[in-house]
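Take a look, then follow the questions.

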Amino acid sequence: MKTVAIESLERSNRNYLNGRYNISAELDGQAMLARYICPDKNLFDTWLEECIRKLIPLFPVKYDRDNPSEYNKDDDPYYDSSHEQPIPREFFFSPDFELTSKNTQEALDNFLINLSYKDNNLLNTPETMLAEGFKGTPYRYTGE
């Protein structure tokens, strides 16, 4: 089961990074896995439903799901999500969190400032990130 979960996460990440429109299939499977391992299925269902209710008006789909190339007039199947507003984890796990630019900035800053590349060998140093083409300030959210 762990192997399937890890492969699903890898596929989701790869599809997202490659700009594929159809990332929802993997995300659905991850949600089902999370529900399966959650001790309180009703709590999970209520939480997920509330998240989806909050997301729908904030992030409407801007293309025809049956024909995504209609949204992209260049017929490029790549979906560029770089312009989309990030959603901090507080949106999903803190019921009183209001999604505003200021709150998003604070939440992401708090998350990033607590990452420690010195303690976590899976994280690159700021120097490595910049040398590999990272744009911006490593471990800081600048809204770009």
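**Reading side chains and helices**

A: Start with one residue. At 57% relative accessibility, K102 counts as exposed, because the cut-off for exposed is over 50%. Keep in mind that this is a predicted model.

Q: Where does K102 lie, and what is its salt-bridge partner?
A: First, the general idea. Side chains of opposite charge can pair when their charged atoms come close. Here, K102 forms a salt bridge with E106. Their closest N and O atoms are 2.9 Å apart. Both residues lie in helix 5, which covers residues 101–113. They are four residues apart, about one turn of the helix.

Q: Is E106 buried, exposed or partly exposed?
A: Look at the percentage. E106 has 38% relative accessibility, so E106 counts as partly exposed.

Q: How many salt bridges are there in total?
A: The count comes to three. One of them is the pair of E106 and K102.

Q: Which residue pairs with E49?
A: The partner is R53. The closest N and O atoms of this pair are 2.0 Å apart.

Q: How exposed are E49 and R53?
A: Take each in turn. E49 is at 42% relative accessibility, so E49 counts as partly exposed. R53 has a relative accessible area of 52%, so R53 is exposed.

Q: Which residue forms a salt bridge with D45?
A: That residue is R35. The closest N and O atoms are 2.6 Å apart. This pair links distant parts of the chain. D45 sits in helix 3 (residues 41–58), while R35 sits in helix 2 (residues 24–37). The two are 10 residues apart.

Q: Are D45 and R35 buried, exposed or partly exposed?
A: D45 is partly exposed, with a relative accessible area of 30%. R35 is at 33% relative accessibility and also counts as partly exposed.

Q: How many helices and strands does the protein have?
A: To answer, read the chain from start to end. The protein has six helices and zero strands. Along the sequence the pattern is α-α-α-α-α-α.

Q: How many disulfides does a search of the whole structure find?
A: The general idea comes first. A disulfide is a covalent bond between the sulfur atoms of two cysteines. In this structure, the search finds zero disulfides.

Q: Are C38 and C51 buried or exposed?
A: Check each against the cut-off. C38 has a relative accessible area of 18%, so C38 is buried. C51 is at 5% relative accessibility and therefore counts as buried.

Q: Where is N15, and which residues is N15 in contact with?
A: N15 lies in helix 1, residues 2–17. Leave aside its neighbours within four places in sequence. N15 is then in contact with R20, I23 and E26. At 13% relative accessibility, N15 counts as buried, because the cut-off for buried is under 20%.

Q: What share of contacts joins residues at least 24 apart?
A: Consider contacts between residues at least 6 apart in sequence. Of these, 42% join residues at least 24 apart.

Note on methods: Residues numbered from 1 in each chain as written. Predicted model: local features only at pLDDT ≥ 70, side-chain atom pairs only at ≥ 80, totals over all residues. Heavy atoms only, no water. Contact = heavy atoms within 4.5 Å. Disulfide = S-S within 2.5 Å. Buried < 20%, exposed > 50% of the residue type's maximum accessible area, 1.4 Å probe, protein only. Salt bridge = Lys/Arg side-chain N within 4 Å of Asp/Glu carboxyl O.
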